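Let's take a friendly walk through a protein model together. Have the sequence and the 3D view ready, and follow along as each part comes up.

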Amino acid sequence: MKILLLYTTHEKQTLKIMQRIKQHLAGKLDCDLIELLPNSHIDLSKYHAALLGCSIRYGFYSKVMKKFIDNNYQKLNSMPSAFFGVNVVARKPNKNTPETNLYTKKFLAKIAWHPKLKAVFAGALYYPQYNWFDRNMIRFIMWLGKGDTDVTKPVIEYTDWSKVDEFAAKFYTETYTSQETSSQKDL
Ligand SMILES: Cc1cc2nc3c(=O)[nH]c(=O)nc-3n(C[C@H](O)[C@H](O)[C@H](O)COP(=O)(O)O)c2cc1C
């Protein structure tokens, strides 16, 4: 039985988180890790469960992911499913849950999919990789939020990997339990 791990990303932090989750599930669940692109065709009927992840850019989660969810919410609602969002505001302890992270709260309120598991993870900054405009915008935003503004650091990672592992374990339990239940029904 296959599990879909579907993500969108800009600087690959969401991919890194998905890879960590995939690693956690290795040997237990058969996972397809796929980047969702504007022209991707994903057949959800091939999968027993789905985990979707995407990141914030200038206040919004991926439009491509939103469109995918809008087109597939009924199927997603009928299977074990989970969502996580990635942004740097989530580095703050009072803004790191789906209820307290405004981007995530708003995103989840706008969609008709109701994932059984939800999480928000703090992402990472790669100042030297950004173009001039993005680097200075992010630096200014970080300065306003009393965050890291040293643009010479190759990477500033806020991701709490133990939180990612905990989420992966919950996703496994949710998926495994429902797999057991559906195979018992088949008996
Ligand atoms: C141009 C740009 C805009 C961003 N806008 C926001 C934002 O509005 N709020 C926020 O919390 N994080 C913001 N971030 C931080 C990203 O969400 C963070 O870097 C995340 O790790 C990106 O994940 P990805 O590499 O998978 O796309 C922004 C980052 C960049 C480069």
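## Lys12 and its surroundings

Lys12 counts as partly exposed because it has 16 C-beta neighbours inside 10 Å. Here, a residue is buried if 20 or more other C-beta atoms lie within 10 Å of its own, exposed if 12 or fewer, and partly exposed in between, with C-beta atoms placed from the backbone. You can find Lys12 in the loop between E1 and H1. Helices (H or I, at least four residues) and strands (E, at least two) are DSSP runs, numbered from the N terminus.

The backbone of Lys12 is worth a look too: its phi is positive, about 80°, although Lys12 is not a glycine. Most residues other than glycine have a negative phi.

## About the model

This is a predicted model, in which local features need pLDDT of at least 70 and side-chain atom pairs count only at pLDDT 80 or more, while totals for chains, interfaces and linings use all residues. Residues are numbered from 1 along each chain as its sequence is written.

## Another positive phi

Lys146 also has a positive phi, near 55°, and is not a glycine. Look for Lys146 in the loop between H4 and strand E8 (156-157). Lys146 is exposed, because 8 other C-beta atoms lie within 10 Å.

## The nonpolar core

How many residues does the largest nonpolar core have? The core has 42 residues, and among those with the most contacts inside it are Leu5, Ile21 and Phe121. A nonpolar core is a set of buried Ala, Val, Leu, Ile, Met, Phe, Trp, Tyr and Cys residues joined through C-beta atoms within 7 Å. Elements giving two or more residues to this core include strand E1 (2-7), helix H1 (13-25) and strand E3 (47-57). E3 gives the most, with seven residues.

Ala50 touches Leu4, Leu6, Leu44, Leu76, Met79 and Ser81, leaving aside residues up to four places away in sequence. Two residues are in contact if their C-beta atoms, placed from the backbone, lie within 7 Å.

## Around the ligand

Of the 21 residues around the ligand, His10, Thr14, Ser55, Asn87 and Gly123 come nearest. A residue is near a molecule if its C-beta atom, placed from the backbone, lies within 6 Å of it. E3 provides the largest share of this shell, three residues.

Where does the ligand lie? Domain 1 (2-123 + 159-185) and domain 2 (127-157) both give residues to the shell, so the ligand lies between them. The domain bounds come from an automatic or database domain assignment.
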